[in-house]
Amino acid sequence: SFYSWAPSVDNEYIFGQPNHVAVDTWPWSKAVLIGTNEDEGRFFLAMICSILTAIADQLFLGDLFIKCDGGNLYDHTLYRNLIRLAYGSDIRKVDDYYKFIWFEDEEDLDDAIEQFSLLVTDSVFTCPNYDMASAIGIKNAKNVYLYRYAVDAICSVASESEDCEGFSCHGDEIATVFGSYGVPAVAEIGNCTPDKVAALQPYVMAVQKQWGHFVREGAPDTSWNAMSNEAGPTFFFEQEHTDEGDRVSLAGESIFTTHHTEQDSHTAQEVCTTWAEHTYKTENGVGRLFGALAIMTNVVVSFYVLLF
């Protein structure tokens, strides 16, 4: 591991993929509260850009090809090549689910890196989390509670805070769970002024109410039901914007969702099945070589065509 910690439960080291171990060993009677943030992948925008830059440097394209600031003529090509590099032979399926979207407003999600982060969110976080919850639910019926944290950050502790403000990035829920926005060290990192701390307090109370009830009673309160079918329910922590421009805390059940664009043609469950199949092939060393070779050819050819 590149991190200073190793996966463990109650000081027992986990051998194997944690999701597989959890499904195989989770006690029948023990309740599960599990979920993800709405925009997990945005936390890694800078990392994605750095990886892409390194690849372009190896191909002698350098700054001609790399553009991580949006509104780029080559964004669609870059987006496709990111998919090819990351997901190899599964590019056709992935491309069926996630289409590149052009926005008139250049401040929107109009660049390849931002839109690619939605795939990272679903493939690394949302779908594996959902699959684990569903699998545990099969053997642990009426005892699995799925949530989605979708509160837009107004002070983020991400290293690139501008990437996460207005979104729910990886780790943005932690200060809400512990009510630590006002802690001096956290407030300094996230530029969390007293006004922002006060504005976030309703979300802190909403989350802590459910977490506290789960710890005491083994279940959230009655407004949050256990998973009963493949659609969920999923309990969302989010906000509503009033006509006056204020934010109002919302918390309630809805169906399970992913970020795929073609929602009229494909369900979130179909998307998660594809990501699970891709993960299986990756874990077994299948499919990645094709992607690595294809990206080198496709980047050069695509860029040459666009340039000339």
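1. Let's start with Cys164 and Cys169, which form a disulfide with their sulfur atoms 2.1 Å apart; a disulfide here is a pair of cysteine sulfur atoms within 2.5 Å. The torsion about this S-S bond is about -95°, so the disulfide is left-handed. Cys164 is buried at a relative accessible area of 1%, and Cys169 is buried at 0%. Buried means under 20% relative accessible area, exposed over 50% and partly exposed in between, with a 1.4 Å probe and protein chains only.

2. A word on the source: this is a predicted model, in which local features need pLDDT of at least 70 and side-chain atom pairs count only at pLDDT 80 or more, while totals for chains, interfaces and linings use all residues. Residues are numbered from 1 along each chain as its sequence is written, and side-chain values use heavy atoms, leaving out hydrogens and water.

3. The count comes to three disulfides. One of them joins Cys127 to Cys272, with an S to S distance of 2.1 Å. Its S-S torsion is about -75°, so this disulfide is left-handed. Cys127 lies in helix H5 and Cys272 in helix H10 (residues 268-283), so the pair ties together parts 145 residues apart in sequence. Both Cys127 and Cys272 are buried. Helices (H or I, at least four residues) and strands (E, at least two) are DSSP runs, numbered from the N terminus.

4. Another disulfide joins Cys155 to Cys192, again with S to S 2.1 Å. Cys155 sits in the loop between strand E4 (144-149) and helix H6 (161-164), and Cys192 in the loop between H8 and H9, 37 residues apart. Cys155 is buried at 6% relative accessible area, and Cys192 is buried at 8%.

5. The loop between helix H8 (184-190) and H9 also holds Asn191. Do take a look at its backbone: phi of Asn191 is near 50°, a positive value in a residue other than glycine. Further along, the peptide bond from Gly232 to Pro233 is cis, with omega near 10°. Pro233 is in the loop between helix H9 (194-217) and strand E5 (234-241). For context, most residues other than glycine have a negative phi, and most peptide bonds are trans.

6. Finally, helix H1 (residues 18-25) packs against helix H5 (residues 112-139) at an angle of about 10°, their axes 9 Å apart. Axes are lines fitted to C-alpha atoms, for helices over the stretch in contact, and angles run from 0 to 180 degrees between N-to-C directions. Residues in contact (heavy atoms within 4.5 Å) include Pro18 and Val23 of H1, and Met132 and Ile136 of H5.
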